[in-house]
Amino acid sequence: MIPEEGKLLGKKVDYPKSYCPEILVAVPRSQNRETYGIFRAEELFCGWDCWHCYECSFLLDNGMPVIGILKIVYPSNSLYIVESKSLKLYLGSFNMLSLGQDKTTGISNYTRRIEEDLSQLLSVRVNVCFYSDFPSEMPFDFNEYRILEDSVQPDSISFSVYQEQPAWLEENISRSAGEIKVCSRLLKSNCKITGQPDWGTLYIRLKGQTLPDKQALLKYIISLRNENHFHEEICEMTYKRLSDLFQPEILMTSCLYTRRGGIDICPVRANKPEFLPQYLPQARILTKRSFRQ
């Protein structure tokens, strides 16, 4: 029996010729969470999965195409995630679909239909917003985060293992209370099904009685380089490791992945809602892209 996430990934599939919601695939979140001891996720974290889709288009009734960027946001407490290739094919099924006499009507019909289809698929409220142009101002949630690889001496570190090494987080732990806001542009993992590389930036905010050593934290992030997981799973795995070891007062992890196939996926998790990014989880706010998006 083919797992849900393997129905389309790694296979040659033609774009649907017409509107095709049945091509969407829902993947249970529990499949990966249980591997890392996440059985009651709502007790461990809250969060959102934020998607930016850059290859979005439909037609007006007169045949004029409308193009734009679609932002999709849904909560981490949903039982399912949408598989990315199925979403790409689904969005492509709108390319020749007429949705209204004018642009405003067309965008309204487009976003409403996508919200309805994804909400039904995932059994949760999905928020969708269509951007036909970049806003004049775009905020960014992570301006205060320091780049790890610029704040340590990487030339003095030996890197040789590229499977997840949670034990490295225990190296040189600081026993004094404090808070860190750090990020690394060196995040790389692989698609769970196809093995294709996924690139991104990992952001971490942690406040507690003990803190990870920055060099050890960088080594841990680099050890993810050959891990085969979906984007959401990398974010949650990292969160779980830090939560278990440091039992922090504040913990937030967010992975802003580089787009692949015209879609980027940006999951974020935190131990309390007030520690989530302010702008990223809002579908109606388009944020500045990170260096690697």
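## The second largest cavity

Sorted by class, the lining of the second largest cavity has two nonpolar, one polar and five charged residues. Here Ala, Val, Leu, Ile, Met, Phe, Trp, Tyr, Cys and Pro count as nonpolar, Asp, Glu, Lys and Arg as charged, and the others, Gly among them, as polar. The residues around this space are Pro 28, Arg 29, Asn 32, Arg 33, Ile 81, Glu 232, Glu 233 and Glu 236. Helix H7 gives the most, with three residues. Helices (H or I, at least four residues) and strands (E, at least two) are DSSP runs, numbered from the N terminus.

This is a predicted model, where local features need pLDDT of at least 70 and side-chain atom pairs count only at pLDDT 80 or more, while totals for chains, interfaces and linings use all residues. Residues are numbered from 1 along each chain as its sequence is written, and side-chain values use heavy atoms, with hydrogens and water left out.

How much space lies in the second largest cavity? About 60 Å³. The largest cavity has a volume of about 80 Å³, and its lining includes His 52, Tyr 54, Phe 134 and Arg 289. On a 1 Å grid over the protein atoms alone, a cavity is a set of points where a 1.4 Å probe fits but cannot get out; a pocket is an open set with protein on both sides within 12 Å along at least five of seven lines; lining residues have an atom within 4 Å of a point. Points are joined across faces, edges and corners, and a volume is the space filled by probe spheres set on them.

The second largest pocket has a volume of about 220 Å³. Of its 13 lining residues, Ser 30, Arg 33, Phe 39, Ala 41 and Leu 79 lie nearest the centre.

Now look at helix H3, residues 84–92. Its buried residues (under 20% relative accessible area, with over 50% called exposed and anything in between partly exposed, using a 1.4 Å probe and protein chains only) are Ser 86, Leu 87, Leu 89, Tyr 90, Leu 91 and Gly 92. They pack against strands E2, E3, E4 and E10 and helix H4.

Leaving aside neighbours within four places in sequence, Leu 87 is in contact (heavy atoms within 4.5 Å) with residues including Trp 51, Ile 72 and Leu 118.

Leu 217 lies in helix H6. Is Leu 217 buried or exposed? Leu 217 is buried, because its relative accessible area is 1%. Its contacts beyond four places in sequence include Leu 148, Ile 180 and Leu 242.

Asn 172 sits in the loop between helix H5 and strand E7, and its phi is near 55°, a positive value in a residue other than glycine. Asn 172 counts as exposed because its relative accessibility is 58%. Gln 247, in the loop between helix H7 and strand E9, has a positive phi too, near 40°.
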